[in-house]
Amino acid sequence: MAKGDSVGEFEFLVLLAVLRLSGDAYGMRVRREIAERTDRDVTIGAVYATLDRLEEKGLVTGRLSDPTPERGGRAKRSFQLTGAGVDAVNRARRESESMLEGLAFPLPGGSR
Amino acid sequence: MNAHSAPNPPVILRALLLAFSGDAHCELVAGDLHEEFLCLCEQRGQGVGKRWYASQVMRSLPDLVRLRIRSGELTRSLAVLTCIAASLLLLDRLWCFVYSHVPWKDGLDRAAGFLAVNLAVLCIASAISGALARSARAAALLSLACAAGAMAGICASLSAAPAWYIGAALLAATASSLAGYTNTKWRSQ
């Protein structure tokens, strides 16, 4: 596997959010999905920077839609996973599961 | 909430967003933030909506600037700035050479004719760079780069520049660049 094929932690979250929103995954919905599910304060800039990187890697593809009044007359760009994106998510999940295997949660010695 | 009474995000923050984000993401990010802003205003009030909008814009700026650099938009502006400054500097060196062959003239202020040639070259270079712009925002950025390049070229020149020449150069660079863009746009329609 080439270095460019692996995905970082936030990239993985964005890929999963795009997958969950199937078909209607645009910047703000991806941001909201990650914020609600992970309780992180995510910025729209970080989401677009990551989506741009993922698109460059060929893991997602974007499609521009018509402008709408609720967006102040601006268009939106919906993203969806490519075949390589689906492979990347499957691989990242396998790797996480393999690393977590045999560990008991919650781990002792944490702050909470 | 109808369109007439719908609140708008703070103008300064919108302007900041438009100024810092690149062509490719400007409209998308502004649209996304606008949509969420309206939602928040409706559910939790305008104060919360405005604070949230401000926080999102300010914290997103570094990422948006990085995206703009990656898109090559700033690199193009820097290249235009360098080309304009270099062309004015080369002309200045040429006039230095010409003056050095005229007895008693070396080191004197440039004649109006030479400065007019500088302005003509500046206009042509700025118009060409403006014609390369793909959008009005890019054209505005390039016209600023042209003006900055003209100023850099004048400041780095060996001879003293009269005030009228500096003013004319800044105006010519900006106007020619915008004219170049307008002409290209008009021809393509």
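## Exercises on a two-chain model

In chain A, three strands make an open sheet, ordered E1-E3-E2 with antiparallel pairing; strands are DSSP runs of E of at least two residues, helices are runs of H or I of at least four, both numbered from the N terminus, and two strands pair if DSSP finds at least two bridges between them. This is a predicted model, in which local features need pLDDT of at least 70, side-chain atom pairs count only at pLDDT 80 or more, and totals for chains, interfaces and linings use all residues. Residues are numbered from 1 along each chain as its sequence is written, while chains are lettered from A and ligands numbered from 1 in the order in which they are written.

**Exercise 1.** Find which strands of chain A stand at the edges of the sheet.

*Solution.* 
- Strand E1 (25-26) and strand E2 (60-64) of chain A each have a single partner strand, so one side of each lacks a neighbour in the sheet.
- Next, look at E2(A) and strand E3 (residues 77-81) of chain A: five bridges join them, and they run antiparallel.
- One pair to locate is A:Val60 with its bridge partner A:Leu81 in E3(A).

**Exercise 2.** Describe the side of chain A that touches chain B.

*Solution.* 
- Start with the counts: 18 residues of chain A are in contact with 21 residues of chain B, contact being C-beta atoms, placed from the backbone, within 7 Å.
- Helix H2 (27-38) and helix H3 (44-57) of chain A each supply at least two residues of this side.
- H3(A) gives the most, with six residues.

**Exercise 3.** Sketch chain B as a whole.

*Solution.* 
- Chain B has seven helices and zero strands.
- Its C-alpha atoms fill a box of roughly 80 × 35 × 30 Å along the principal axes.
- Of its 189 residues, 35% are buried.

Terms used: Two residues are in contact if their C-beta atoms, placed from the backbone, lie within 7 Å. A residue is buried if 20 or more other C-beta atoms lie within 10 Å of its own, exposed if 12 or fewer, and partly exposed in between; C-beta atoms are placed from the backbone.
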